Amino acid sequence: AGRKVALLAPQRGKKVALVSLANDNATHAFREKRRQEDDLVERLAEVQEKLRLPTLPRRIECVDISHLGGNDTVGAVVALTDGRPDKKRYRVFHVRTVEGGDDYAAMREVLGRRFRRGLAEKPGRRGDADDEPSKWDLPDLFVVDGGRGQLGVALAAAGDLGLSGLPIVGLAKER
């Protein structure tokens, strides 16, 4: 404040009850947030176990290809950090080399571009904030929307760049 300030703490009356209520609310909110964080770690640990991942998947990216009648093909990459949308890491790739709605070729182009950017980042390089990884760092888990075909394309795109160790899974509808 740039000057002396006085802190007042009520000793009796309605204001004491109000401060008590505020403390109770803050305690409840803190416990609820802590419980949600613990639940998140448990869920991520379950994903790690089921997919046999080497590390807890704190950063996850998902990709999907979309087009309008075979034209204007785009690949959208969405990102989650600690289970929450990380919109700063969302990306849209306009497919340049594929015509006619070939989802496999579009997926290969999009993932090739995404993986190249991730590999170009120097290890340990930081983004704007000192505690934040670069915008292009590769995630702990990469999810491809699609079955075996799309997964095969994703693995091939990673293999083309010599990228190994990045867990990639396909997300397909159940039969």
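Student: Where does Leu138 lie?
Tutor: Leu138 is in the loop between α2 and β5. Helices (H or I) are DSSP runs of at least four residues and strands (E) of at least two, numbered from the N terminus. This is a predicted model, in which local features need pLDDT of at least 70 and side-chain atom pairs count only at pLDDT 80 or more, while totals for chains, interfaces and linings use all residues. Residues are numbered from 1 along each chain as its sequence is written, and side-chain values use heavy atoms, leaving out hydrogens and water.

Student: Why is Leu138 called partly exposed?
Tutor: Buried means under 20% relative accessible area, exposed means over 50%, and partly exposed lies in between (1.4 Å probe, protein chains only). Leu138 has 24%, so Leu138 is partly exposed.

Student: Which residues does Leu138 touch?
Tutor: Contact means heavy atoms within 4.5 Å. Not counting residues up to four places away in sequence, Leu138 touches Arg59, Arg114, Phe115, Gly118, Leu119 and Leu163.

Student: What makes Glu61 count as buried?
Tutor: The relative accessible area of Glu61 is 1%, and the term requires a value under 20%, so Glu61 is buried. Glu61 is in strand β1 (residues 59–68). Leaving aside residues up to four places away in sequence, the residues Glu61 touches include Val77, Arg114, Leu141 and Phe142.

Student: What makes Phe115 and Phe142 an aromatic pair, and of which kind?
Tutor: Rings of Phe, Tyr and Trp (its six-membered ring) pair if their centres lie within 6.5 Å; planes under 30 degrees apart are stacked, over 60 edge-to-face, and the rest tilted. The structure holds 2 aromatic pairs. In one of them, Phe115 and Phe142 are 5.3 Å apart, centre to centre, with 70 degrees between the planes, so the pair is edge-to-face. Phe115 belongs to helix α2 (residues 103–120) and Phe142 to strand β5 (residues 141–145), 27 residues apart, and the pair links distant parts of the chain. Phe115 and Phe142 are buried.

Student: How do you know that the charged end of Arg117 sits over the ring of Trp136?
Tutor: The rule asks for NZ of Lys or CZ of Arg within 6 Å of the ring centre and within 35 degrees of the ring normal. Arg117 sits over the ring at 4.5 Å from its centre. Arg91 also lies over the face of Trp136, at 4.6 Å from the ring centre.

Student: Why does Arg52 count as exposed?
Tutor: Its relative accessibility is 75%, and the term asks for over 50%, so Arg52 is exposed.

Student: How do you know that Asp82 is partly exposed?
Tutor: Asp82 has a relative accessible area of 23%, which lies between 20% and 50%, so the term applies. Asp82 is in the loop between β2 (71–81) and β3 (84–85). Its phi is positive too, near 50 degrees, in a residue other than glycine.
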